[in-house]
Amino acid sequence: MRQTRTCHSDCASVYHSGVRSSGVYTILPPGGGSPVHVFCDMETQGGGWTVIQRRRDGSISFNRTWREYTEGFGDLKGELWLGNENIHKITGRGGYSLRIDLEDWDGEHKYIQYRDFSIEDENSYFRLHVSGHSGTAEDSFAWYHNKRSFSSPGSGNLCADISHGGWWYYQCFYSNLNGVYHGGGRYVKGREAMGPDGIVWYSWKNTDYYSLKKVSMMIRPRTFHLHTSP
């Protein structure tokens, strides 16, 4: 665990303190509460990114309860969900962008960046606000999931139960980045499955039955500027 001398609100703040190495750091989100350990990506697009989600090998199940999605789970250096409460505390006051990196089983990589990203508090079921996309991937997130409430398996939402993950579902999804890790990409509906449940980005293959190999979600202030020297 890397410590810095001052309290930082996010990884952009860590970056502006002179840190240029990716790794696990401690921040104190502006929304209050206890310090939070986060993984900071200091390489992608200049750095300063706080990683809120990562999938890469299927080592961790994302078929989790509401409380687990609220508090966060996983390995900061591996597969993880930072926790809706932490994501809300960081983004709830606005001013944050979201970057999603996607990779398929043929090694093709694409990304999409949303100019505005935030989620509301638990009383509002962590309602999503996301808009303004750019990048190399087509949008399968904002146009369909914006302003939807978060749901998790066992929370009373059929889509979450069918999809075996926590997400901002709406009849049910065009993206499902917390779904089941299906090795190899294309998969079929299992005998007991009611529908698709993979790590889906629909526009990638124009199907719900292609599950991506690697995904990450990272946030950074919209006003972030690179420093040319430490």
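**Close-up views of a predicted model**

**Figure 1. The lining of the largest pocket draws on several strands.** In this predicted model, strands β2 (36-41), β3 (49-55), β6 (96-103) and β11 (214-221) each supply at least two residues of the lining of the largest pocket. Strand β11 gives the largest share, four residues. The lining has 17 residues, and those nearest the pocket centre are Arg-54, Asp-101, Lys-214, Val-215 and Ser-216. By residue type, the lining is made up of eight charged, five nonpolar and four polar residues. The space in the largest pocket is about 330 Å³.

**Figure 2. Tyr-114 and Phe-141 form an edge-to-face aromatic pair.** A pair of aromatic rings is described by the distance of the centres and the angle of the planes. The model has 23 aromatic pairs. In the pair formed by Tyr-114 and Phe-141, the distance is 5.8 Å centre to centre and the angle between the planes is 75°. Tyr-114 belongs to strand β7 (residues 109-119), while Phe-141 is in the loop between β8 (128-135) and α4 (142-145), so the pair ties together parts that are 27 residues apart in sequence. Both Tyr-114 and Phe-141 are buried.

**Figure 3. Tyr-174 and Tyr-202 form another aromatic pair.** The ring centres of Tyr-174 and Tyr-202 are 5.1 Å apart and the planes meet at 70°; because an angle over 60 degrees counts as edge-to-face, this pair is edge-to-face. Tyr-174 is found in the loop between α5 (158-163) and β9 (175-176), and Tyr-202 in helix α6 (residues 202-205), so the pair ties together parts that are 28 residues apart in sequence. Tyr-174 has a relative accessibility of 28% and counts as partly exposed. Tyr-202 is also partly exposed, at a relative accessible area of 26%.

**Figure 4. Ring pairs link aromatic residues into a cluster.**

**Figure 5. Charged side chains sit over aromatic rings.** Arg-20 lies over the face of Tyr-15, and the distance from the ring centre is 3.8 Å. At Trp-204, the charged end of Lys-110 sits over the ring, 5.0 Å from its centre.

How values were computed:
Residues numbered from 1 in each chain as written. Predicted model: local features only at pLDDT ≥ 70, side-chain atom pairs only at ≥ 80, totals over all residues. Heavy atoms only, no water. Phe/Tyr/Trp six-rings, centres within 6.5 Å; stacked < 30°, edge-to-face > 60°. Buried < 20%, exposed > 50% of the residue type's maximum accessible area, 1.4 Å probe, protein only. Lys NZ or Arg CZ within 6 Å of the ring centre and 35° of its normal. 1 Å grid on protein atoms, 1.4 Å probe; cavity = no way out; pocket = protein on both sides within 12 Å on 5 of 7 lines; lining within 4 Å. Points joined across faces, edges and corners; volume = space filled by probe spheres on them. Nonpolar A, V, L, I, M, F, W, Y, C, P; charged D, E, K, R; others polar.
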